[in-house]
Amino acid sequence: MEKKLVYTGKTKDVFALENGNFLLKFKDDCTGKDGVFDPGENAVGLTIDGVGDVNLRMSIYFFEKINAAGIRTHYVSADLENTTMEVLPAKVFGKGLEVICRYKAVGSFYRRYSDYCTEGQDLPAYVETTFKNDEKGDPLVTKDGLVDLGVMTGKQYDDLKAMTQAITKIVADDLKEKGLDMYDIKFEFGYDPEGNVMLIDEIASGNMRVYKDGVYVDPMTLNKLFFA
């Protein structure tokens, strides 16, 4: 099938396919700084041989589980030999929206709200949304902000929140079976031509904060533990 490059990303390239779908090509480039892997960085800092393959494998594993649970995603199929994933077309909300689900008060949540919580305290699948904007530090935005700014409808937000909590539970329960505790996870959502919300992008170790026996597990170690 003919494919046409439409976007070159930091960790994935995007191609348009003849059938109207898109092809994501996973790369071994990782975000980081000074040769050290950091999923929070906004620039490619290093190349780790095989990381594209393992990110695709984890994405396939969870997308298939989520699809089977009846939750809408953009995932169609994957080709491990070529490190590619075929996905449905989807529009992003605004110029890109990140959705974080938190089970524990850590990271930026704790830094913001430390007057009101202790580090690591339990949170009830707390959902927060941020605009993707490196220059502005990915600003937080509320449901009212998203609706009033015309980024999405109230129903789309409610669907997005419910889907986020359901997907997070699927991932966290799976990790729990492997003796791993997920503290938070980051997703991206888009919508189809009818306006239905769907999970897009990837579900990879670099998008989640995971601990084992109270000790943080870095993404590369998590990949090894996950597929052990």
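Predicted model: local features only at pLDDT ≥ 70, side-chain atom pairs only at ≥ 80, totals over all residues.
Five strands make up an open sheet, ordered E1-E2-E3-E8-E7, and the pairing is antiparallel. Strand E1, residues 3-8, and strand E7, residues 75-79, are at the edges with a single partner strand each, so one side of each has no neighbour in the sheet. On average, neighbouring strands here are turned by 25° against each other, direction ignored. E1 pairs with strand E2, residues 12-17, over five bridges.

H1 lies across E3, E7 and E8, and runs at about 145° to E7. The buried residues in H1 include Val 51, Val 54, Leu 56, Met 58, Phe 62, Phe 63 and Ile 66. Asn 55 and Ser 59 are also buried. Just after H1 comes Gly 70, with a positive phi of about 85°.

Now the hairpin of E13 and E14. Strand E13, residues 181-191, runs antiparallel to E14, and four bridges join them. Tyr 191 stands opposite Val 197 in E14. Five residues lie between the strands, and among them Gly 195 takes a positive phi near 90°. E14 itself, residues 197-200, is covered on both faces: Val 197 and Leu 199 are buried on one side, Met 198 and Ile 200 on the other.

Which members of the largest nonpolar core touch the most other members? They are Ile 167, Val 171, Leu 175, Phe 189 and Met 208, out of 44 residues. Helix H4, residues 154-177, gives the largest share of this core, with eight residues. Another core lies apart from it, with six residues, including Cys 30, Leu 46, Val 51 and Met 220.

Two residues deserve a look of their own. Leaving aside neighbours within four places in sequence, Leu 175 is in contact with Leu 180, Met 182, Met 208, Val 210, Leu 222 and Phe 226. The other is Thr 168, which is found in H4. Is Thr 168 buried or exposed? Its relative accessibility is 0%, so Thr 168 counts as buried. Not counting residues up to four places away in sequence, Thr 168 touches Cys 101, Tyr 103, Met 182, Ile 185 and Phe 187.

Terms used: Residues numbered from 1 in each chain as written. Heavy atoms only, no water. Core = buried A, V, L, I, M, F, W, Y, C linked by side-chain atoms within 4.5 Å. Buried < 20%, exposed > 50% of the residue type's maximum accessible area, 1.4 Å probe, protein only. Helix = DSSP H or I, 4+ residues; strand = E, 2+ residues; numbered from the N terminus. Contact = heavy atoms within 4.5 Å. Pairing = 2+ DSSP bridges. Axes fitted to C-alpha atoms, helices over the stretch in contact; angles between N-to-C directions.
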